[in-house]
Amino acid sequence: MKKLVVLSGAGMSQESGLRTFRDMGGLWEEYDVMDVATPEAWQRNPELVNRFYNDRRKQLLDCEPNLGHQLLAGLQEDFDVQIITQNVDDLHERAGSRKVIHLHGELKKVRSSIDPELIFDLDGWELKLGAKCPKGSQLRPHIVWFGEAVPAMDEAVEITSQADIFVVIGTSLNVYPAAGLVHYTPSNCPVFIIDPERPALKVKGVTFIEEKAGAGMQKLIDLLANL
Ligand code: OAD
């Protein structure tokens, strides 16, 4: 089976009702990223940071995977599909995708603030300040904040370098190192980008599908049939 590698971003989940970050009405219009998505913000104002992620988690529990997630999961019948997502939601998994790497963490998990290996599933939406890990430190959202290392990046680069087909869905390609992954694709690997707005990307031979994730995935499936 051909290896089809996907890099997904917030636009993938937009049709499920989750807001993107940088579009009009996006989350970074309402919040300053430095106030809610950095280790310094967590030190300075854990209540605000925790409320931000509790709100995101509560909202996620009311969302369902959309057509894009479902069509992508369906591609596993014909391709070895590996998803590398910047999204912290679990909608790829809930749609049935089996190989998913989360570059920026997972909303439904929490971890120790002193031992990054101590990761736990959170029951329900609420992480309470005062909830401790077994080593006695406050549990924090299992999110890769700005300024923190991206532990899954090496694996993502390795997977990308073996892609037969590379598909980018719903990301503005503003945030590194994730945005640089496309440069690790083999030279003969076709690259498709599904996004209603063309992200600025200087890579030769990219096929743009200027659609939302659901309609774009339908077009992609047609194009893959003729590859
Ligand atoms: P952005 O908000 O930067 O980009 C979203 C992209 O999705 C844009 O290119 C939109 O045009 C596109 N889009 C909007 N609706 C869509 C739809 N229905 N279908 C397909 N595409 C659609 O989000 P990301 O690129 O994912 O990190 O942002 C990357 C990272 O920045 C996030 O993981 C997050 C954020 O700060 C952290 O919080 C650590």
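A polar contact is a pair of N or O atoms within 3.5 Å; within protein, one must be able to donate a hydrogen and the other to accept it, and residues adjacent in sequence count only if both atoms are side-chain atoms. Welcome to a predicted model, where local features need pLDDT of at least 70, side-chain atom pairs count only at pLDDT 80 or more, and totals for chains, interfaces and linings use all residues. Residues are numbered from 1 along each chain as its sequence is written, and side-chain values use heavy atoms, with hydrogens and water left out.

**Around the ligand**

**Contacts with ligand oxygen**
- Phe21 places a backbone N or O atom 2.8 Å from an oxygen atom of the ligand.
- At Ala10, a polar backbone atom is 2.8 Å from a ligand oxygen atom.
- Trp28 takes part through its side chain, where an N or O atom is 2.9 Å from an oxygen atom of the ligand.
- The protein buries 95% of the 790 Å² that the ligand exposes when taken alone (Shrake-Rupley method, 1.4 Å probe).

**Cysteines**
- Searching the whole structure turns up 0 disulfides (pairs of cysteine sulfur atoms within 2.5 Å).
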